[in-house]
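Please look over the sequence and the model shown below before reading on.

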Amino acid sequence: MTQKTAQHTSVLSPSAAGVTCRRNALRHVTEIDFVKLNPTSNSTVLITSHHPVQHYQTIAEQLLSAEHLHAEQIGFVLPSASDRAPLRLTMAGGEFCANACMALAALHTVKQKQEASLDLVIEASGTNELIACRVEPFSKGFRCQLGIASPLQIEPYSFPAEHSRASVVKFHDSVHLVVEVPAPTQNLRRHALEAARQLAAREAASVVGVMLYNPADRSITPLVHVPAVGSMIWEGSCGSGTAALGAFLSVRSQRSISLAVKQPGGILHVAADNRAGTITNLRVTGEVSIVAEGKAYVHV
């Protein structure tokens, strides 16, 4: 009798089993508060709810997919450790992202209900320095100027394509390869993908970019690789890559520069002050719009 009872209680009816499965599945669903922004067509999702750091990559992988929120990058908005900065931005791969910083600055301006220009500093992953940003509202959203730390080193690079010359621009925790080429062909894109993989294996950097730069029309085609997340994306624009291009052009010409750089998704401006061959003030300017806000659900 005891044995039969034990056997009976260990078996669930089909309906009860279904309820249990649903409950188990729900235990692994995490609710995400997010804002989706468009900094010069570099689609960015900022997570405003707080989550364990060990879940960042899993969350990012799901939100980046075309079946979900479909963005090019994911950042997490956190409290800052600095009294000077109201917020901290931590990217999913721990990298520094200029466009995402501009997106956060614009979002902060909205949350503060600021209608005039606003100057603020942001704490960000991938750099030890506070990031200064100026936000100006305009009809389509916000115009943001971001200060970028000067590169640590610029050195030649052998890029395997005819009629090209290239240099690696190294920052604190990122590496950008600037390649001067005509219009980017499929063959050049394949070379860029391979160069990004090789640089990621060679350099201790959280992000590797390859900027295919066409001097004829001052345009770049930006490839961005974040090894920690496993992403390799031809982006709509790249703020830090544009800063790398500006630094490279300023050092090579030995003069200050101010340049509008065409990107697949629009235009970013870069300016660099050059004093005796040293860059003293590097900054990028772009436009940011907010396109969506709400809740998303991921499995962790």
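R134 forms a salt bridge with D119, and the closest N and O atoms of this pair are 2.6 Å apart; a salt bridge here is a side-chain nitrogen of Lys or Arg within 4 Å of a carboxyl oxygen of Asp or Glu. Because R134 lies in strand β6 (residues 131–138) and D119 in strand β5 (residues 118–124), the pair ties together parts that are 15 residues apart in sequence. Helices (H or I, at least four residues) and strands (E, at least two) are DSSP runs, numbered from the N terminus. R134 is partly exposed, with a relative accessible area of 32%, while D119 is exposed at 52%; buried means under 20% relative accessible area, exposed over 50%, and partly exposed in between, with a 1.4 Å probe and protein chains only.

The model is a predicted one, in which local features need pLDDT of at least 70 and side-chain atom pairs count only at pLDDT 80 or more, whereas totals for chains, interfaces and linings use all residues. Residues are numbered from 1 along each chain as its sequence is written, and side-chain values use heavy atoms, with hydrogens and water left out.

A search of the whole structure finds 15 salt bridges. One of them joins E155 to R202, with the closest N and O atoms 3.9 Å apart. E155 lies in strand β8 and R202 in helix α5, so this pair ties together parts that are 47 residues apart in sequence. R202 itself counts as partly exposed, at 48% relative accessibility.

The side chains of E203 and K170 also meet in a salt bridge, at 3.4 Å from N to O. Since E203 lies in the loop between α5 and β11 and K170 in strand β9, the pair ties together parts that are 33 residues apart in sequence. E203 is buried, with a relative accessible area of 17%, and K170 is buried as well, at 16%. Salt bridges that share partners join E155, K170, R202 and E203 into one network.

Helix α5 (residues 186–202) has 17 residues and reaches 24 Å from its first C-alpha to its last, close to the 24 Å expected at 1.5 Å a residue, where the expected span is 1.5 Å times one less than the number of residues. In α5, the residues L188, A192, A195, A196 and L199 are buried. They cover an arc of only 105° around the axis, which puts them on the same side of α5; the arc is that of the directions from the helix axis to the C-beta atoms. The face of α5 turned away from its buried side carries the exposed residues Q186, R190 and A201.
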